[in-house]
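Student: I would like to learn how to read a pocket and a strand in a model. Please take me through them in turn.

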Amino acid sequence: MLAKPLKVLHVITGLTDGGAEDSLYQLCHNDRHNVHRVVCLMDAGQYGSRFDAAGIEVVYLDMPRGRVTPPGLWRLWRIIREFQPDVVQTWMYHANLVGGVVARLAGVKAICWGIHNSNLMPGATKRSTIWVAKACGALSRVVPSRIVSCSQHAVDVHRKLRYAAMKFVVVPNGYNLSLLTLDAAARARMRADWKLDDDMPLFGMVARFDPQKDHANLIAALAQLKGLGWDFRCALIGAGLDADNHELIGLLEDHGVRDRVLLVGRRSDIPAVMNALDVHVLSSRFGEAFPNVLSEAMACGTPCVSTDVGDAAFIVGDTGWIAPPGDPRALADQLALALEEHADAPAWQARKQCAHQRVVDSFSVQRMIDGYSASWHQACHV
């Protein structure tokens, strides 16, 4: 018997292109049982059009980045009072603080915070964000009923910041597997566009150009592979991964791998990209909580090599390879293991199927919906 439907008001900091934003979109778009409405503290960002196209109602408060305004707070309070939600689910630190406190003042008892980050390193994270995260830790005993984290690693990080440990619930991100699946036609089409033979081993990384993603680590590992005589190509996909990035071009030329790397730039057809790759690589140095890109690749039957950041090792399980962060030699060793197995067609097909099945079994969008729904019902009965 299904639990009664709940009216859920989501409050999110912004709708830029990120993992939390995608999880919110998947949750609202695929949950046919509960009633969802979204309030965004800032503007529509990159994801707003996707919410609009799916018919998901979003109210934008248009507050400046990193600042709250009295009119914005007043409008949020009025929305909560008018909608009268059973639960307020907040997403990311600023929304946890602002949305959680305003929801309490508006009389909501069932409040769930959302934690989607495990990077709070000085110098890599804005001081204001660290301050808000610590403020939330101090308020975590009185504001939220539950704290939903996308990863166990993020829980461990925030417990050290004195977040209320007993309120945490881990709900891994979920994926629409009707869109993310093995697609031989998409693979052939994409490789033809990139002028690559089907049997050319192709690594790839879908990630913006950012110090957190540590493209220098990947490029140094590729140089070591080339020096050992391996033949391969590597596609770099994402914002800033194009010929206009002089820092990136310099790295490729300094390491002698410019001829091995395709600079693809930003793409919207990620399932097709994942199918074109033989191995997806994540070379991040820090800051990942639950790296969506690994599950997205695996859902398409693309095994992964990743650094040991966030819940990466948990996501990959025994379907791929893990290297310590910031160690190009170790990363190159794992990439070489992948290339060796890729040469054994039956073994490689079995690994591709295992990667796909792990996402089906553990990270479907329905499992995420069920996890959030259970947390909301628990919050209603605290």
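**A pocket and a strand**

Student: Which classes of residue make up the lining of the second largest pocket?

Tutor: The lining has six charged residues (Asp, Glu, Lys, Arg), five nonpolar (Ala, Val, Leu, Ile, Met, Phe, Trp, Tyr, Cys, Pro) and four polar (the others, Gly among them). This is a predicted model, where local features need pLDDT of at least 70, side-chain atom pairs count only at pLDDT 80 or more, and totals for chains, interfaces and linings use all residues. Residues are numbered from 1 along each chain as its sequence is written, and side-chain values use heavy atoms, with hydrogens and water left out.

Student: What counts as a pocket?

Tutor: Rolling a probe the size of a water molecule over the atoms shows where empty space is left. On a 1 Å grid over the protein atoms alone, a pocket is an open set of points where a 1.4 Å probe fits, with protein on both sides within 12 Å along at least five of seven lines; lining residues have an atom within 4 Å of a point.

Student: Which residues lie nearest the centre of the second largest pocket?

Tutor: They are Arg187, Asp278, Trp348, Gln349 and Lys352, out of 15 lining residues. The largest share of the lining, four residues, comes from α14.

Student: Which strands pair with β12?

Tutor: Two strands pair if DSSP finds at least two bridges between them. β12 pairs in the parallel sense with β11 (residues 279-282) over three bridges, and with β13 (residues 321-323), also parallel, over three bridges. Ser306 stands opposite Ile322 in β13.

How values were computed:
Helices (H or I, at least four residues) and strands (E, at least two) are DSSP runs, numbered from the N terminus.
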